[in-house]
Amino acid sequence: MSIFVMTLARHIIEQERKFPQATGAFTKLISDIALAAKVISHHVNRAGLVDIIGSIDNQNVFGEQQQKLDVFANEALIRSLRFGGTLCAMASEENEDYIAISDEFPRGKYICVFDPLDGSSNIDVNVSIGTIFSIFRRTSPDESPVTKEDLLQPGYSQVAAGYVVYGSSTMLVYTTGTGVHGFTLDPSYGSFILSHPKIKTPRKGAIYSVNEGNYNLWDKNVQQYVNWAKRSESGMKSRYIGSLVADFHRNLLKGGIFLYPGDLKNAKGKLRLLYEANPLAFIIEQAGGRASNGKERIMNVQPMELHERTPLIIGSKDDVTVAEEFFQGKHQG
Ligand code: AHG
Ligand code: MN
Ligand code: MN
């Protein structure tokens, strides 16, 4: 019996064939990201056995305590992407400024922005964490130096987006705009195998995910939405892991809504537009869901800063619509 295995590498090549002008660089780029994901997965699964747990006496650009695995994952992605010849620039949550690929290395036309390790607070308690990436084409002419505008493109300009979730298994989920596809890492031969083809998220779910510890900091419309979600007639139950990728992945497969609203302390919330909200918004829309900042489609927002934050409501289409009505004071609950 022939066992035909669809690997990530084969799948990307098939996707690439749909774009006649593609040069194979895109295939290499996703493969480079997958390689970094395997390296990070190997270390995540050995955390606790090797000295990779705990924080370093260093802070990231936001003054947040950096975890060793944050730094390791960041280095793994930068090293895997820097010399591949597919990028002209990259940006990371862990680096204040973007990284232009200097002209001593082969350069390409793509830009990759990423959150190398999402859910850092969960690393040393063995809870699922992730990596999130977003890919654009440069807008400036190929031979000119990269500009900040090349990186500050709205979400609808993404050519690809994806995430890796390091959980009970390691999965890579990505889209190039023709559906959402999930691959599970088979560590026995180190390949990502297609396990979830053409993922579609239910139109309505039964899960809401939000950090209710911020309740007293929310405006009353947000409070009214969560009060409504808690009532039995909403048919919803609460699930919150505290790792965006893990909460998102569960809701993508089962249906539901994730919210990180703005609050009195952070008017634009905690999550970042470029490498958390936008890539997941591309995926959820391709899976039939929605992503909003409470007022407008996330992927329409014009970024002004590399690390700018945004309120985020993301998940099943009907659930996001109801939440937006509350956020805009149109739903009396
Ligand atoms: P990161 O570890 O990349 O900084 O992201 C953490 C984010 C996200 O993963 C999660 O949804 C959110 O922080 C949880 O924040 P709270 O602990 O405030 O709920
Ligand atoms: Mn994150
Ligand atoms: Mn992070």
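A residue is called buried here when its relative accessible area is under 20%, exposed when that area is over 50%, and partly exposed in between, with a 1.4 Å probe and protein chains only. By that rule T175, at 0% relative accessibility, counts as buried. The model is predicted, and local features need pLDDT of at least 70, side-chain atom pairs count only at pLDDT 80 or more, and totals for chains, interfaces and linings use all residues. Residues are numbered from 1 along each chain as its sequence is written, chains are lettered from A and ligands numbered from 1 in the order in which they are written, and side-chain values use heavy atoms, with hydrogens and water left out.

- The manganese ion (ligand 3) is coordinated at 2.2 Å by E93 (OE), D115 (OD) and L117 (O), where donors are N, O and S atoms within 2.8 Å of the metal (3.2 Å for Na, K and Ca), and where sites may look incomplete because water is not among the atoms.
- Along the chain, the donors of the manganese ion (ligand 3) follow the spacing E-x21-D-x1-L.
- E93 lies in the loop between β3 (87–92) and β4 (99–100) while L117 lies in strand β5, so this pair ties together parts that are 24 residues apart in sequence; helices (H or I, at least four residues) and strands (E, at least two) are DSSP runs, numbered from the N terminus.
- The manganese ion (ligand 2) has D115 (OD), D118 (OD) and E276 (OE) as its protein donors, lying 1.9 to 2.1 Å from it, and these donor residues are spaced D-x2-D-x157-E in sequence.
- D115 coordinates both the manganese ion (ligand 2) and the manganese ion (ligand 3), which are 3.7 Å apart.

**The surroundings of ligand 1**

- There are 17 residues around ligand 1, of which D118, G119, S120, Y240 and Y260 come nearest; a residue is near a molecule or strand if one of its heavy atoms lies within 4 Å of it.
- Oxygen atoms of ligand 1 lie 2.7 Å from an N or O atom in the side chain of D118, 2.8 Å from a polar backbone atom of G119 and 3.1 Å from an N or O atom in the side chain of E93.
- The protein covers 86% of the 470 Å² of accessible area that ligand 1 has on its own, with areas taken from the Shrake-Rupley method and a 1.4 Å probe; for residues, only the protein chains shown count as cover.
- β5 (110–118) and β13 (257–260) are the elements that give two or more residues to the shell around ligand 1, and β5 gives the most, with 3 residues.
- Domain 1 (8–196) and domain 2 (207–327) each supply at least three residues to the shell around ligand 1, the domain bounds coming from an automatic or database domain assignment.

**Other buried residues**

- T175 lies in strand β8 (residues 170–175), and a polar atom of the T175 side chain lies 2.7 Å from the backbone oxygen of G179.
- D70, in helix α3 (residues 68–82), counts as buried at 2% relative accessibility.
- Between D70 and E93 there are 9.6 Å in space, C-alpha to C-alpha, and the two are 23 residues apart in sequence.

Notes: A polar contact is a pair of N or O atoms within 3.5 Å; within protein, one must be able to donate a hydrogen and the other to accept it, and residues adjacent in sequence count only if both atoms are side-chain atoms.
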